[in-house]
Amino acid sequence: MDDRYSGDVLAAGWRERGRRVVPDVPAARDLVVEVASDGFCGAVVAVRSGMVELEDRRGAVRVFPLGSGFLVDGEPARLVAPVAAAPTAPRRSASGSIAVENHQARVARPSRILVEGRHDAELVEKVWGHDLRVDGVVVEYLEGVDHLAALLDAEPPASDRRYGVLVDHLVAGSKESRIAEGVARGRYGAHVRIVGHPFIDVWQCVKPAAVGIARWPEVPRGIEWKVGVCRALGWPADDQADIAAAWQRILAGVHTYRDLEPALLGRVEELIDFVTA
């Protein structure tokens, strides 16, 4: 038997018991709302200073305070200001620059960047490829810095055709440094910028942590450096295919500029600035 007198009428929540809960509805733009008091029906066109603007199908606009007194889909609702979306940070390219969205590659400039090896070119493309396409800069493979003088004679640089050159092992007293000094003193010096990193090979420009190793091995003199590295790390090194596979393994660990040594980062940025000036 249902005893309607058995409950405690003074228990907490007795006022709300059985009362219909009116939901809060964000007053998003284009939401169709009816004003309960007079039947005016319109779409939300603006919310500001605690007021909502509704526009009916005839173009008439009326302003009402946010809160109760509205119907949405025929049901009572409290209109509340919509929560503003948090501003999103601009997307960054692998080099750390702000990515340019929906950008078609620019027509290539006469100026270009030359790199000594194929691995160097692949690494530059992976990290700076977006920036280079936006600026219209082509990266070309130079088969060793020894061939630079012949290339400059065949296609002389000028004020509107600058060459930036990236070489390995550019340290005092090296063959690379002597060639760079000779070009700088020569007739093309004003339009050519030769820079480099101090490492034996571009592999070392990748931080060891990105490859999953503690450090790059030291290779004894007389052993080809890449072969020695692969053997020291326990990677196959029997032929050129093994060396190529080792490089792809290293390159796969590079995702952004943070995976590269600062000694390379600054030099590539310097060349991009030089050829786009």
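What follows is a walk through a sheet, the helices across it and a nonpolar core. The model is predicted: local features need pLDDT of at least 70, side-chain atom pairs count only at pLDDT 80 or more, and totals for chains, interfaces and linings use all residues. Residues are numbered from 1 along each chain as its sequence is written, and side-chain values use heavy atoms, without hydrogens and water.

Start with the sheet. Four strands form an open sheet in the order S9-S8-S10-S11, with parallel pairing. Strands (E, at least two residues) and helices (H or I, at least four) are DSSP runs, numbered from the N terminus. Pairing requires at least two DSSP bridges between two strands. S9 (138-141) and S11 (192-196) are the edge strands, each pairing on one side only. Neighbouring strands are turned by 25 degrees against each other on average, direction ignored. S8 and S10 (residues 163-167) run parallel, joined by four bridges. Ile-113 has Gly-164 as its bridge partner in S10.

H1 lies across S8, S9 and S10, at about 175 degrees to S9. H7 lies across S8, S10 and S11, at about 165 degrees to S10. Axes are lines fitted to C-alpha atoms, for helices over the stretch in contact, and angles run from 0 to 180 degrees between N-to-C directions.

The largest nonpolar core has 39 residues. Such a core joins buried Ala, Val, Leu, Ile, Met, Phe, Trp, Tyr and Cys residues through side-chain atoms within 4.5 Å; buried means under 20% relative accessible area (1.4 Å probe, protein chains only). Leu-123, Trp-128, Trp-203 and Leu-260 have the most contacts inside this core. H7 gives the most to it, with seven residues. Trp-203 touches (heavy atoms within 4.5 Å) residues including Trp-216, Trp-225 and Trp-247, not counting those up to four places away in sequence.

Terms used
Buried < 20%, exposed > 50% of the residue type's maximum accessible area, 1.4 Å probe, protein only.
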